[in-house]
Amino acid sequence: MIEVKDVHKSFGEAHILKGISTSFEKGKTSLVIGQSGSGKTVFLKCLLGLFSPEKGTISYDGKAYSDLSDDQKRDLRAEMGMVFQGSALFDSMTIAENVMFPLRMFTKQSKSEMQDRVNFVLKRVNLEDAHNKKPSEASGGMQKRVAIARAIVNRPKYLFCDEPNSGLDPKTAIVIDNLIQEITEEYNITTIINSHDMNSVMEIGQKIVFLKDGHKAWEGSNKTIFKTDNEAVTNFVYSSELFKKVRQMYIEERE
Amino acid sequence: MTYLHNIGVYFLMIKEMFRKPTKWSVMKTLIFKDIDDLIMGSLGIVAFISFFVGGVVTIQTALNISNPLIPKYLVGFATRQSVILEFAPTFISIIMAGKVGSFITSSIGTMRVTEQIDALEVMGINTINYLVFPKFVAMMLYPFVISIAMFLGILGGMAACIYGGFSTLEDYIMGVQMDFIPFHITYAFIKTFVFAFLLATIPSYYGYYMKGGALEVGKASTTSFVWTSVMIILLNYILTQMLLSS
């Protein structure tokens, strides 16, 4: 579980995060949504420990990040998996080597043990035939799946995804969403996703945090987002005519 | 102020390069890969340039000696001195600033642009140690490249001298052996080690701290070449003043 209390972050004069408090539960897929420039990426980087907040605390299973020693921080980071927007796979390595990388860095497993784990994880993301391909030879959807495999190979406690669906076609995006949700429940991981994708919000948003101008403007789930009267959320989520109609139909059906 | 800031960040990067070392089994692979990319991959161009520039130095020297009282073996002597003292350590280093330097800047810069460095940081890896230290170790083999450049420069001079009919083989060899001062070799290798350090670290600095996209990677490569060359020329002057003018 990750608990965030009154987190503030500025860059020079620009006050990006203005006192965000929330929590993310284990075994659930949580989404952080908001317009571009609302502070989502800065918030995610604060959660990852890449940025230090000026004020407030972020606790991982009860341990405040700011109270940890450098070695404890490094150990904690080894428990985190991250799926980057552009996948961030290492060009010089094959897909199997990319997935094996965290194991080589942080475990003392033998080569055959590592190979077995890589085979298992690649099979889990339906990429059992792609071991020897280079990332440049893989499609966008495959690269995202490799990034997920790399993120989960070392059995992380926390999984962070920065817009995992960007640049993917709707069908592949759904495959990626479902895969992340399945993995979250299967391994009981705390998963946090930054997203713009409304399909993801509706499909896998077991918890949704809506950021606006650095504030937490709303918090709920994919069940409650249909019913909310929060103007900022409805303007953002139901900005298209299609989603307005979907919402209307949902409310009428409930009534 | 920006220059001072950059110099400070550069020295902090060097300090960070030796902290929190990467696991040896991984580091070993990175070092061998960088030796292959930076040292072995440069041998061809260094050999080609050294041989022919050695030849040109010999021809130029021979053609400028018109006085019959000046002995022919002076051609070999002048070629040896030019190649060992300046051409091999300095001229080749400037070429390497273009070849190896731009490779280092663009490869690290591309990793920055494509978030690969962020991915390493999220895993808790000391990215400067992971990326820069293997290049620094690989470049410590740079004197090996310069030794080859020295040998081939003198050999190229010999070939040009004999096939161009400027002097006999015996005269050339006599010139090469004449008044040999072993400290000149020491001086050349001290310079080479200093230049190797610059060649590994300055391009890494420009790649690691670059911001932006693909266009900025190109700009960073150019800037890194300019500043590596400037520092090589500047330190060449300072080291020559310190080591030879006593």
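Author: Two strands count as paired if DSSP finds at least two bridges between them. Strands (E, at least two residues) and helices (H or I, at least four) are DSSP runs, numbered from the N terminus.

Author: This is a predicted model, in which local features need pLDDT of at least 70 and side-chain atom pairs pLDDT 80 or more, while totals for chains, interfaces and linings use all residues. Residues are numbered from 1 along each chain as its sequence is written, and chains are lettered from A and ligands numbered from 1 in the order written.

Reader: OK. What is the bridge partner of K5(A) in β4(A)?

Author: T57(A). The strands involved are β1 (residues 2-11) and β4 (residues 55-60) of chain A, which pair in the antiparallel sense over 5 bridges.

Reader: Which order do the 4 strands of that open sheet have?

Author: In chain A the order is β2-β1-β4-β5, with antiparallel pairing. β2 (14-24) and β5 (63-64) of chain A are the edge strands, each pairing on one side only. Helix α1 (residues 40-48) of chain A packs on this sheet, where it touches β1, β2 and β4 of chain A (C-beta atoms, placed from the backbone, within 7 Å). The direction of α1(A) makes about 60° with that of β2(A), angles running from 0 to 180 degrees between N-to-C directions of axes fitted to C-alpha atoms, for helices over the stretch in contact.

Reader: And the open sheet of 6 strands, what order there?

Author: β6-β7-β8-β3-β9-β10 in chain A, and the pairing is mixed. Its edge strands are β6 (80-83) and β10 (215-220) of chain A. From one strand to the next the twist averages 20°.

Reader: How do β3 and β9 of chain A run, parallel or antiparallel?

Author: Parallel: 5 bridges join β3 (residues 29-34) to β9 (residues 207-212) of chain A. L31(A) stands opposite I208(A) in β9(A).

Reader: Which helix lies across β6 and β7 of chain A?

Author: Helix α5 (residues 140-152) of chain A, which runs at about 170° to β6(A).

Reader: Switching to the interface. How many residues of chain B are in contact with chain A?

Author: 13 residues of chain B, against 14 residues of chain A. On the chain B side, α2 (24-39) and α5 (116-122) each give two or more residues. The largest share, 5 residues, comes from α5(B).

Reader: Within chain B, at what angle do helices α1 and α6 pack?

Author: About 90°, with the axes of α1 (residues 2-17) and α6 (residues 127-139) of chain B 9 Å apart. M13(B), E16(B) and M17(B) in α1(B) meet residues of α6(B) including I128(B) and F136(B).

Technical notes:
Contact = placed C-beta atoms within 7 Å.
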